[in-house]
Amino acid sequence: MQCLCRSDSWVWRTLSREGRYRQVALAVALNLRTFLRLQPHSHGQVGLHLPNIGSKRAWDVARLQQLDTSFLEQGDVSTPTPEQVEKLKEVAGLSVDGAGPEHLAVLAFLYLYLSICRKQRALPSLDIVVWSELPTGAGLGSSAAYSVCLAAALLTACEDIPNPQKDGAPSSRWAKDDLELINKWAFQGERVIHGNPSGVDNAVSTWGGALRYQQGKISALQRPPTLQILLTNTKVPRSTKALVAGVRSRLLKFPEIVAPLLTSIDAISLECERVLGDMAVAATPEQYLVLEELIDMNQHHLNALGVGHASLDRLCQVTMAHGLHSKLTGAGGGGCGITLLKPDLERAEVEATKQALTGCGFDCWETSIGAPGVSVHSAASLAGPVRQALGGL
Amino acid sequence: MQRGRGSCRSARSHAVGSPAGVCSGESDPPRRTRRGPRQGRRPPLAPVPSGIGQPLFLARVSQEALEQRREKHRLRLAQGLLWSHSVRSRRAVVALAVALNLRTFLRLQPHSHGQVGLHLPNIGSKRAWDVARLQQLDTSFLEQGDVSTPTPEQVEKLKEVAGLSVDGAGPEHLAVLAFLYLYLSICRKQRALPSLDIVVWSELPTGAGLGSSAAYSVCLAAALLTACEDIPNPQKDGAPSSRWAKDDLELINKWAFQGERVIHGNPSGVDNAVSTWGGALRYQQGKISALQRPPTLQILLTNTKVPRSTKALVAGVRSRLLKFPEIVAPLLTSIDAISLECERVLGDMAVAATPEQYLVLEELIDMNQHHLNALGVGHASLDRLCQVTMAHGLHSKLTGAGGGGCGITLLKPDLERAEVEATKQALTGCGFDCWETSIGAPGVSVHSAASLAGPVRQALGGL
């Protein structure tokens, strides 16, 4: 049985990042996908192949079976403690100091594999390949997509949830309760990788569409519209941690200036949600203009918070020169930007914009948002490059 | 500077209680003093000293440039460094205005040729009127007490008098109207309207939203009030420049505000206040108060030369507030907070300026600029300006109305001269005009001709 899962990453977040500032977030699923292929075997190994980052590892199932995994024994869906993480590192054969993307991806996998599959009589031999259309490390929640894929695949392989695949259907989705379980485990995977994530990323990857995140509660927007966008990666590296710390310090330094700014950002999120809600019924040109105004104001506010960057300014300028509106997405300080593509744009204009962005040294994808969440796909429904990346299907 | 010949003049008590002047005789250095109560014919204005052709009056006015403001009762774009818009609301607003050291100069020469002339070299305007004809006009429409506001009917009448077309409302028309209004109003108490020539020249770019009209009005008010001896000429011997006393400045400011009303209709009064008083002022809920000892800050002032309509920009902000009240209202609150913080820092800096304080100013500049962009009064040219200066490690924001126009860049002390020059070149390379100047300058003053730079003297017709 092959299990192919696809999940998307959130991309459009109109807020500053901490939930503890009681911010409102609007997250929408981006239609750049992460694919996972799970192949059961009987060769006594469990393998993880991550072509995007050139990682290929395998572990002896028998050895893993012998490990004392009681440290994982904390109920059904549990949070890894630092000690557990250290132990996992040993198990994985990772150096104690390692914490790069590959290490974290491997740790998250092992954590989910050992935790989800431990109720099996024997740990399953299987090979997993995960490949993403998303740029990694660009603050786009690719780790969440990864975690969601892993959770869905492993839960299905262990039959904790059924495989929703229907005959002849190119893709199928799990039922609501199953998605809840997938999301809970995916969140734990995120915790291994990020320590203290908000949970929005994995929620959007799981549920798709558009979600509102407020004070720790996540609720889905009804029938969000599909919007066409450009996603641009400036490829400027940045530290989410540093950016978050910078915003916090600016708030402490200038509370009277920054607090109302955050209030204004909240209001943008809410207005955006309202407009998207209206657009699901019938999208008018005026609503697109409103979205563009909201995009602009949000971008200026993010700059005022100090999470802008010269490369993002360049991105916004270039798109503006073509009459298009952009804002940063993700953590800021570099990373990615998103440009709204209204309907009825001249194809030539869009192409010229993409070329101009590429000319700046950026990577640029044309895609959509409001995409479905994690799904199962038939191999035949996948595009050639995807099938090839997953090892030939 | 008013050179007078002639008789000793006794002191007179001024309407607002200025100190008595000194009686000056012929051999004394030129000094205009207060006169006694008017009785009968007043002595004419001092004739031009023979053979010398000295200028009689020079006033220097600084422009306000550093201002963050929201005004309570109307939406208006204010000039300046840290600046904001406001709309009609009951919210408290705070403005911080600082005088920019780019100056407007006025030279007043009394004559006896029976004409009153106004020459504005910056805009190529040169007009003259027959004093006798003006004298015959029914100026009762100006009769409304000492300092009065022109009504629309009065303005129409003035246009007739000026020989301006009824529809004209360009910068030249408004400048001429403001002059005539002030001339006829201030000088009407003279037995005969004085013949004189006035030249006004400005280092400031006009129409760039920098309050050049306020500087103009302040110069006119100060010159005319002094020429009519409503206030003394404060010129001191040997001093390159001198300032009027507080009460005289109040009167100058009141009249200047009326001139501004002719030009702008419903100005806030901050511009003329900063031009009059100089330094730094806080404007809040209609009250203007001076900051004590504001620091002098070095800046670049850059004109993108992109034309824009203040009216349109103002309307745009208002409409954005109406459309997105929950988004824009807290944004305006944040801008207010930036004004207050800026004032606080400037206050601290007057005592002792530290590098950290300059860093704070730079943060405030950046945040304010982003907020102004969020309000929709930015422009690609201003973004370019900010980018160019940022590439040299300097922080800028728009000043004036926005949508083009001018920007201001803070120059911290101890900057490499080469870096500043490189920045100016980069800005000029973008097609902008760029001046290096300072803010926190003195307000309206009288200058000796000798103290002025060559180009200024030449612009004023050769001194």
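Met297(A), His300(A), His301(A), Asn303(A) and Ala304(A) of helix H9(A) are in contact with Met367(B), His370(B), His371(B), Asn373(B) and Ala374(B) of helix H9(B). This is a place to start in a model that is predicted. Helix H9(A) covers residues 285–305 of chain A, and helix H9(B) covers residues 355–375 of chain B. Two packed helices are described by the angle between their axes and the distance between the axes. Here the axes come within 8 Å and cross at roughly 175°. An angle over 145 degrees counts as roughly antiparallel, so H9(A) and H9(B) are roughly antiparallel. Sorted by class, the residues in the contact of H9(A) with H9(B) are four nonpolar and six polar, with no charged ones.

Helix H7(A), residues 240–253, packs with helix H8(A), residues 255–281, at an angle of about 125°, and their axes are 6 Å apart. Angles over 145 degrees count as roughly antiparallel and those from 65 to 115 as roughly perpendicular, so H7(A) and H8(A) are classed as oblique to each other. On the H7(A) side the contact is made by Arg250(A), Leu251(A), Leu252(A) and Lys253(A), and on the H8(A) side by Pro255(A), Val258(A), Ala259(A) and Leu262(A). By class, this contact of H7(A) with H8(A) has six nonpolar residues, two charged residues and no polar ones.

Now consider chain A as a whole. It has twelve helices and 13 strands. Of its 393 residues, 56% count as buried. Among contacts in chain A with a separation of 6 or more, 75% come from residues 24 or more positions apart.

Helix H2(A), residues 82–92, shows how burial can be arranged along a helix. Its buried residues are Gln84(A), Val85(A), Leu88(A), Lys89(A), Val91(A) and Ala92(A). Seen down the axis of H2(A), these buried residues fall within an arc of 160°, so they line one face of the helix. The general rule is that an α-helix has 3.6 residues a turn, so residues three or four places apart point the same way. The buried residues of H2(A) pack against strand S4 (55–60), helix H1 (61–66) and helix H3 (101–117) of chain A. On the face of H2(A) turned away from the buried side are the exposed residues Pro82(A), Glu83(A) and Glu90(A). Just after H2(A) comes Gly93(A), with a positive phi of about 80°.

The next topic is aromatic rings. Over all chains, a search of the whole structure finds six aromatic pairs. One of these is formed by Phe35(A) and Trp131(A): the pair is stacked, with 6.4 Å centre to centre and 25° between the planes. The pair links distant parts of the chain, since Phe35(A) is in strand S2 (residues 24–40) of chain A and Trp131(A) is in strand S5 (residues 126–132) of chain A, 96 residues apart. Phe35(A) has a relative accessibility of 3% and counts as buried. Trp131(A) is buried as well, with a relative accessible area of 19%, because the cut-off for buried is under 20%. Elsewhere, Trp59(A), Phe109(A) and Tyr113(A) form one aromatic cluster.

In chain B, helix H6(B) covers residues 270–277 and is mostly covered, with seven of its eight residues buried. Those buried residues are Val270(B), Asp271(B), Asn272(B), Ala273(B), Val274(B), Ser275(B) and Thr276(B). Gly278(B) follows H6(B) and has a positive phi, near 75°.

Val200(B) lies in strand S5 (residues 196–202) of chain B. Val200(B) is buried, with a relative accessible area of 5%. Leaving aside residues up to four places away in sequence, Val200(B) touches Thr104(B), Phe105(B), Leu106(B), His119(B), Leu120(B), Pro121(B), Asn122(B) and Tyr216(B). From Val200(B) to Leu220(B) is 20 residues in sequence and 8.6 Å in space, C-alpha to C-alpha.

Glu160(B), in helix H2 (residues 152–162) of chain B, is exposed, with a relative accessible area of 59%. The C-alpha atoms of Glu160(B) and Val199(B) are separated by 23 Å, and the two residues are 39 residues apart along the chain.

Conventions:
Residues are numbered from 1 along each chain as its sequence is written. Chains are lettered from A and ligands numbered from 1 in the order in which they are written. This is a predicted model: local features need pLDDT of at least 70, side-chain atom pairs count only at pLDDT 80 or more; totals for chains, interfaces and linings use all residues. Side-chain values use heavy atoms; hydrogens and water are left out. Buried means under 20% relative accessible area, exposed over 50%, partly exposed in between (1.4 Å probe, protein chains only). Helices (H or I, at least four residues) and strands (E, at least two) are DSSP runs, numbered from the N terminus. Rings of Phe, Tyr and Trp (its six-membered ring) pair if their centres lie within 6.5 Å; planes under 30 degrees apart count as stacked, over 60 as edge-to-face and the rest as tilted. The arc is that of the directions from the helix axis to the C-beta atoms. Contact means heavy atoms within 4.5 Å. Axes are lines fitted to C-alpha atoms, for helices over the stretch in contact, and angles run from 0 to 180 degrees between N-to-C directions. Angles under 35 degrees count as roughly parallel, over 145 as roughly antiparallel, 65 to 115 as roughly perpendicular and the rest as oblique. Ala, Val, Leu, Ile, Met, Phe, Trp, Tyr, Cys and Pro count as nonpolar, Asp, Glu, Lys and Arg as charged, and the others, Gly among them, as polar.
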